[in-house]
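Me: I am new to this structure and would like to go through it with you. Could you show it to me, please?

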Amino acid sequence: MTWLYHPLQIPLGLIVWGVWFIALYSGLSVGCAVAPPDAAAGPWNWLNVVLGGASLATVALLLGLSALCWRASRRVGQNERAKRFIARVGASVHLVAALATLFIALPIVGLPPCV
Amino acid sequence: MIEGRPDELHQQFDEVWGNPRGWRAATIVNHTRIGLLFLLTGLGFFIFGGLLAMLIRAQLALPDQAFMDADTYNQVFTMHGTVMMFLFAVPMMEGLAVYLIPKMLGARDLVFPRLSALGYWCYLFGGLILAASLFLELAPDAGWFMYTPLSSLPYSPGVNSDFWLLGITFVEISAVTAAVELVVAILRARAPGMTLQRMPLYAWYILTMAMMIVLGFPPLILGSILLELERAAGMAFFDVARGGDPILWQHLFWLFGHPEVYIIFLPAAGLVSTMLPVFARRPIVGYRWVVVAVLTTGFISFALWVHHMFTVGIPHLAQAFFSAASMLVAIPTGVQVFSWLATLWLGRPVYHVPMLWLFGFLVIFVAGGLTGVMLALVPFNWQVHDTQFVVAHLHYVLVGGMFFPLVAAVYYWLPHFSGRMPSPRLGRWGFWLVFGGFNLTFLVMHWTGLLGMPRRAYTYAPGLGWDTPNLVSSIGSFIMAIGIATVLVDVLLHFRFGVRAAPNPWHADTLEWATRLPPTAYNFISLPSVDSRYPLWDRPDLVKEMARGEQGLAAIAHGRRETWGTDAVTGEVREIIHLPGNTWLPFAVALVLSAVCIGLLVKAYAVASVAIVAAAILVLRWSWENGAYEEGGTAVPISAGDPPLHWRTHNGPGRWGMGVTLLADGALYAALLFGWFYLWTVAPQWQMPAQSPLDARGMLANALLLSAATLWLRRVLAALRRGSDKGLRGQLAAIAALGLLQSAHLLWLTYASDLAPKATAHDAVIAVVLGYALFHCVLAGVATGLQAWRAHYGYVDRAAPYEPIVLGQLWYYNFGVVWSAYVALVLFPSTWGGG
Ligand code: HEM
Ligand SMILES: [Cu+2]
């Protein structure tokens, strides 16, 4: 599992978060341009379900990666501090990214999309 | 390794690294000097911007003032905002980083010294052009964010907006060059043994800031180019009637503008995280959490831009996303604040002058953060939008978050500039005057805002309840100005009366204190190896060992400027980076570019074209002076046991520099494609021709042609890496010819496609995409031709395979550009209606 010690692990969680955010915003805009759901129906409509589902999947992915990194960080020996550092920072960043995803996606449960 | 006594060694180093005087000072590329020039120029612009602020406050002091008319007032506040944001805050922070980073990393210079020199001259000339506009009474007057359509031709017919668009683009190019430079130096030129987790925190902050500049500035550069094309060439992008949308400008602007706030704040926070532990006399608490917080801030701040647009009519759900992200970004800032407080709490702090300013920073910045969280709440935002409340908030964050740490840093690093220590007396007066004056001005301004006074109003009627608070604000701002003057006097006087500084006078932990005070042009006579995060705390003798020439790379008899190239993660030595020496090229290129800028301003297009050609020739000449460009070709001696010079490797710093530059370039292109899709979905009167003006088959053929050339180059590069340069020159020449052929074909396609960029935004965007692709393809073709020529001279071969490998990335990039243009311009329209 050497990829868990690759320096790209450090920003990876936030890159995933960034891709998710772009997809969320552009998905919302395009969805509203193509087939806007009825505002009266409230938050339960196809667009919110799709966006919410994608967000939950992203959260799950990030939490999974975080756990992998954390375990990897405990596997290294004393003389491999650089590796441990990368895995630990990676784990923290993934966790932070997961929480950020969850928090930003929260309004999906409460608001209709296109008004 | 040691060739003599340190004094003799110093003399020899001076011969190779020394800075010339007189006119030839313009040839200096050394980072210490360039950093200083950045700082001094930034100070000049700060004083200029500060004087403008005082003019504003004088005008607003009393109701119905006629000190300035509305038109002048518009120019003055626009210039104040523009100067402070673009000509003071960012260049100052980058300049300080340019000065400090190599020293902190234990290197002799940044990795592309000529690039930082170019950045500086572009900044100076661009800034002067912009500042000149005010004296010509032609200054931009549409506010520092230049909203369209106010800044578009119908509403701003003079050249005022053009000054902003051209001048700022020029300055931004400077910001991006410095950012590329800093990223690569931090990743690839650290002291041996400085692994990622031993990097000084400041380097993490600057790395993040520089990456943010690399990704955040290009959208604005694109916006400026588009707006200038609309104004000067009549193309349509932001004009609703022709299928554009002024809101696109706001997106492009704030896509840059919000990260900009953190681009200013993060380096300042980095200064705090560097100084605070030194005065607390213990390592910072939670190094790893600070790193995570900095990275998180860097990323999340890109998702906030829409919070500046809550009032333009964006769907509620989208607003809620951006509102949530805005609140979220306060958390990593909070983590840093707690880390600072904990460090102070657990340490044994000593109080020197810089600590006063750090204290002022903590108080003011936290207050500014709180009003920021208030503004992130959409309903409250609607209440105070475009009132003085926002102006107050923004100054709490900017002045508190950037100016206070900056002054602390000036005091802290004074011994570097003068060899002397700051005096404790006058400095205290300066601090309390600034602190008091600042709060008097801006605390009260929150109240003025809540009373409903709009921002950017040049005067107001008496009796609205705004008289008293405005007068108080104005008095406060003059007190603050006196305070700043006191600080300046203090700093000037200390050059004469300050006590001489001992080595490492603050007992700091970082390597910049191992130089002489003030430092020599080469920083260190021998380069240290590091085995901890706090090298000067853990090995106090290091300073003397380095000065005696007992550490690495102390040979200079070969006459080359050198520093270590190390692995980005482990900090192991990989190569010797061979640095270029003093040259006129950066100065000349910047001079010619300002001729382009002025030529465009006064619409002397012939002059501008000539200057562009001259710039291209100079830049090609510049690229010639890389690696081995003199007699003897690649047969350059190095001492036994040393790693190779970087241009004999496959993965030197140039490769990383090209990669980071292409990231910036890609951000610009992505913003362009974003504009295409944005207008497509949102512009109220988007007009599509019944038949696409582009020749679909021709576009496909063109992309295939480019792909063939790219794949061929790929094979050549693979062979080079394996150590074979058979037929290198001929193959490179053929690939160059193929590339130029493809460019010619693209030009013809553009020409034959019958685009009407003045009639519709649809065609205008296509024209820009094609122009962009064309520019890059020509560049790759010409540069490859140049490589063939260098191969002919024997400067490039299997012993020196570096340059073609660096260039290869541009080809891969172009591959991506041309194919994505094909998808966006040909495939997408034909599947999505139209075409
Ligand atoms: C030195 C003390 C300063 C004072 C007294 C001051 C004063 C002002 C005032 C009164 C305005 C409002 C103009 C209006 O609403 O019509 C303003 C705007 C602004 N200031 Fe400052 N300022 C100072 C420093 C700074 C600094 C250090 C920065 C940035 C680093 C800055 C950035 C801005 C910006 C971006 C605007 C908005 C301009 C616009 O609306 O287009 N200011 N300033
Ligand atoms: Cu913002």
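Me: Where does Asp386(B) lie?
Reply: This is a predicted model, in which local features need pLDDT of at least 70, side-chain atom pairs count only at pLDDT 80 or more, and totals for chains, interfaces and linings use all residues. Residues are numbered from 1 along each chain as its sequence is written, chains are lettered from A and ligands numbered from 1 in the order in which they are written, and side-chain values use heavy atoms, leaving out hydrogens and water. Helices here are DSSP runs (H or I, at least four residues), numbered from the N terminus, while strands are E runs of at least two. With that in hand, Asp386(B) is in the loop between α12 (378-384) and α13 of chain B.

Me: What is the phi of Asp386(B)?
Reply: Most residues other than glycine have a negative phi. Asp386(B) is not glycine, yet its phi is positive, near 55°.

Me: Which residue does a cis peptide bond join to Leu517(B)?
Reply: Most peptide bonds are trans. Here is a cis one, with omega about -15°.

Me: Which residues coordinate the copper ion (ligand 2)?
Reply: Donors are N, O and S atoms within 2.8 Å of the metal (3.2 Å for Na, K and Ca), and water is not among the atoms, so sites may look incomplete. In sequence, the donor residues are spaced H-x48-H-H. At 1.6 to 2.0 Å, the copper ion has ND1 of His258(B), NE2 of His307(B) and NE2 of His308(B).

Me: How many residues apart are His258(B) and His308(B)?
Reply: His258(B) is in helix α7 (residues 246-280) of chain B, and His308(B) is in the loop between α8 and α9 of chain B. The pair links distant parts of the chain, 50 residues apart.

Me: Which helix gives the largest share of the shell around ligand 1?
Reply: A residue counts as near a molecule or strand if one of its heavy atoms lies within 4 Å of it, and 21 residues surround ligand 1. Helices α2 (31-60), α3 (70-105), α13 (388-418) and α15 (467-497) of chain B each supply at least two residues of this shell. The largest share, six residues, comes from α3(B).

Me: How far is a polar side-chain atom of Tyr73(B) from an oxygen atom of ligand 1?
Reply: A polar contact is a pair of N or O atoms within 3.5 Å; within protein, one must be able to donate a hydrogen and the other to accept it, and residues adjacent in sequence count only if both atoms are side-chain atoms. A polar backbone atom of Trp144(B) is 2.9 Å from an oxygen atom of ligand 1. For the polar side-chain atom of Tyr73(B), the distance to a ligand 1 oxygen is 2.7 Å.

Me: What area is buried between chain B and chain A?
Reply: Contact means heavy atoms within 4.5 Å, and it takes 29 residues from chain B and 33 residues from chain A. Buried area is the accessible area (1.4 Å probe) that two parts lose on being put together, summed over both. Carbon and sulfur atoms give 87% of the area, which is about 2,900 Å².
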